[in-house]
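Dear colleague,

I am handing over a structure that will be new to you. Please find it below, followed by an account of what was found in it.

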Amino acid sequence: MENNLNIIHIDMDAFFASVEQLDKPELEGKAVIVGGVGLDNRGVVSTASYEARKFGVHSAMPIAKAKKLCPHAVYLPGRRERYTELSSQIFNILLKFTPQVEKLSIDEAFLNVKGCHRLYGSSKEIGKQIKKKIKDETGLVCSIGVARNKFLAKIGSDLDKPDGLVIIKNNEIAEVLDPLSVDKIPGVGTKTANKLNEIGIYKIGQLKNMEYNELKHLFGKNGSLLYELIRGIDKREVNINSETKSISNETTFQNDTSDLDLLLKYLLELSQKVTRRVRKKNLIGNTIFIKVKDNKFNVTTRRITIKKYINSTDDLYKYGKKLLEKVDLKNPIRLIGIGIASLKEKKKEQLSLFTNSKDKSEFNIVIDSIKDKFGNESIKRARDLLKEDKNN
Ligand SMILES: [Mg+2]
C-alpha cells in the first residue's frame with residue numbers, strides 16, 4: 001500500500017443508540033431513538049439506530065417529527081455518563097496505537113499513524129485492528145476511513161457505514177469524490193448546497209469545473225479552501241488536543257437547585273467517580289476544573305492548576321469546592337461537573353513501610369476494589385468523614 005496514507009478517521013456507528021442496544025439486548029434490531037431533554041416534543045434526536053434511519057429519522061430532527069415518521073420506535077433519554085465512559089474506553093484503545101489522536105467529539109477522532117507501521121502493519125491493517133479491539137472490548141461497531149489527509153479520511157469513513165473500512169488511494173481520489181453531492185464537503189451546509197443546486201451544481205465533480213476565481217467570488221476566502229478540498233488537497237494536521245488528556249463527570253439535576261449543600265454533595269459524588277477513573281488508568285493530574293450550568297443554560301467554568309499532582313477523592317473535592325465557591329450562584333443550577341486535566345502517568349512509587357496517614361491513595365484503592373466487586377452503591381462515604389479529615 002502507498003506509504004503516505006497515514007490519516008485515519010474513526011466514527012462510531014449510531015453511537016448513543018448502539019450503546020442503548022448494547023446495554024439492553026431486548027432493543028437489538030429495533031428502532032431506537034435517543035433524544036434530548038425529557039423527550040418531549042421540544043427536544044431533538046441525538047442519535048437514531050439504523051433501524052430507525054430507514055424511516056427517515058436522523059440526528060437533529062425534532063422529536064415531534066421523528067414520532068410521526070417512526071411512531072413504533074423506542075424513545076430513550078440519553079445517558080451521558082455511560083456514553084462518556086465508553087468513549088474514554090474507546091479513546092484509550094486508540095491511544096494504544098498512537099499518541100497522535102485528535103478528538104473531534106465523543107465518538108469521532110482523527111489519527112496520524114505515520115510511524116506506527118513497523119509495529120502494527122499498514123494503515124489498513126491498523127484500521128482492522130482498531131475495529132476488532134473496539135468490538136471485542138466494548139461490543140460496539142465503528143466505521144473507519146484511511147487516506148492521505150483528514151478530508152479524504154472523513155469522506156472514507158462515511159462511505160460504507162455501518163461497520164465500514166474504506167481506503168481511498170491517491171489514484172482513486174477523483175473517482176471517489178466526483179460523484180458525491182456537494183454537501184459532503186465540510187463547511188458546505190444546506191444553505192450553500194442550495195445555492196449551488198440553484199445554479200445546477202449537485203456533485204463535487206461538477207464543482208471542479210468552476211474556475212478558481214468563480215469559487216472565490218461565490219465563497220469569499222473559503223473559496224480557495226474549497227478549490228483544494230474538491231481536488232483532494234487538505235493541509236490540516238492532526239492536532240493532539242488536551243481533551244483526551246482530561247477526565248470528568250457531570251450530572252444534570254431532576255430539579256434545578258440553589259442549595260449549596262446539595263451541590264457540594266453532588267460534587268463529592270462526582271469527585272469519587274472521576275478520581276476512580278483516574279486511578280484505574282494509573283494517572284495523576286494537576287489541573288482541576290468545574291462546570292456549572294444554570295437554569296438559563298449559562299455555562300460557567302472555573303479551573304485551577306496546582307503544583308501537586310493528585311488523584312484522591314478528597315483532594316479533587318477540596319479544590320472543586322474552592323472553585324465552586326467562586327461561582328456566582330444567582331440562578332438555580334441545572335448541571336454540575338468536575339474533572340481533572342493535565343494528566344500524566346503515575347510512576348510506581350516506592351511503597352513506604354509506614355503508610356503516611358495523610359496519604360489517602362491506599363484507602364481509595366481499597367474502596368475502588370470493593371466497588372468493582374459489589375457495585376457503585378456498596379460504599380457511600382459520609383460527608384462527615386471529610387469534615388473529620390479536615391480537622392486532623
Ligand atoms: Mg458517529
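**Helix α4 and its surroundings**

In helix α4, the buried residues are Y83, L86, S87, I90 and L94. Viewed down the axis of α4, these buried residues fall within an arc of 105°, so they line one face of the helix. Please note that the model is a predicted one.

The length of α4 can be checked in a simple way. The helix holds 18 residues, 80-97, and at 1.5 Å a residue it should span 26 Å; the C-alpha atoms at its ends are 26 Å apart, which agrees.

The buried residues of α4 are covered by elements that include α1 (15-23), β5 (101-105), β6 (108-112) and α6 (123-138).

**The contact of α4 with α6**

Two packed helices are described by the angle between their axes and the distance between the axes. For α4 and α6, the axes come within 10 Å and cross at roughly 145°. The crossing in which α4 passes α6 is right-handed. On the α4 side, the residues that meet α6 are L86, Q89, I90, I93, L94 and F97, and on the α6 side they are I126, I130, K133, I134, E137 and T138.

**Helix α1**

How many of the 9 residues of α1 are buried? The count is 7 of the 9, so α1 is largely enclosed by the rest of the structure. The buried residues are F15, F16, A17, S18, V19, E20 and Q21. Their cover includes the strands β1 (7-12), β2 (32-35), β3 (45-48) and β4 (74-77), together with helix α4.

**The protein as a whole**

The protein has 16 helices and 12 strands. It comprises 392 residues, of which 32% count as buried. Among contacts in the protein with a separation of 6 or more, 62% are accounted for by residues 24 or more positions apart.

**Backbone details in two loops**

The loop between α7 (150-159) and β8 (165-167) contains P162. The peptide bond from K161 to P162 is cis, with omega near -10°. D163 is found in the loop between α7 and β8 as well, and has a positive phi of about 60° although it is not a glycine. With 12 other C-beta atoms within 10 Å, D163 is exposed.

A60 also has a positive phi, near 75°, and is a residue other than glycine. It lies in the loop between α2 (50-53) and α3 (63-69). Is A60 buried or exposed? It counts as exposed, with 8 C-beta neighbours inside 10 Å.

**Residue R302**

R302 has its place in strand β11, residues 299-310. There are 17 other C-beta atoms within 10 Å of R302, and it is partly exposed. Which residues is R302 in contact with, leaving aside its neighbours within four places in sequence? They are F289, I290, L323, K326 and V327. The C-alpha atoms of R302 and V292 are separated by 8.8 Å, and the two residues are 10 residues apart along the chain.

With kind regards

Terms used: Residues numbered from 1 in each chain as written. Predicted model: local features only at pLDDT ≥ 70, side-chain atom pairs only at ≥ 80, totals over all residues. Helix = DSSP H or I, 4+ residues; strand = E, 2+ residues; numbered from the N terminus. Expected span 1.5 Å × (residues − 1). Buried ≥ 20, exposed ≤ 12 C-beta atoms within 10 Å, placed from the backbone. Arc of directions from axis to C-beta. Contact = placed C-beta atoms within 7 Å. Axes fitted to C-alpha atoms, helices over the stretch in contact; angles between N-to-C directions. Left-handed = near helix turned anticlockwise from the far one by under 90°.
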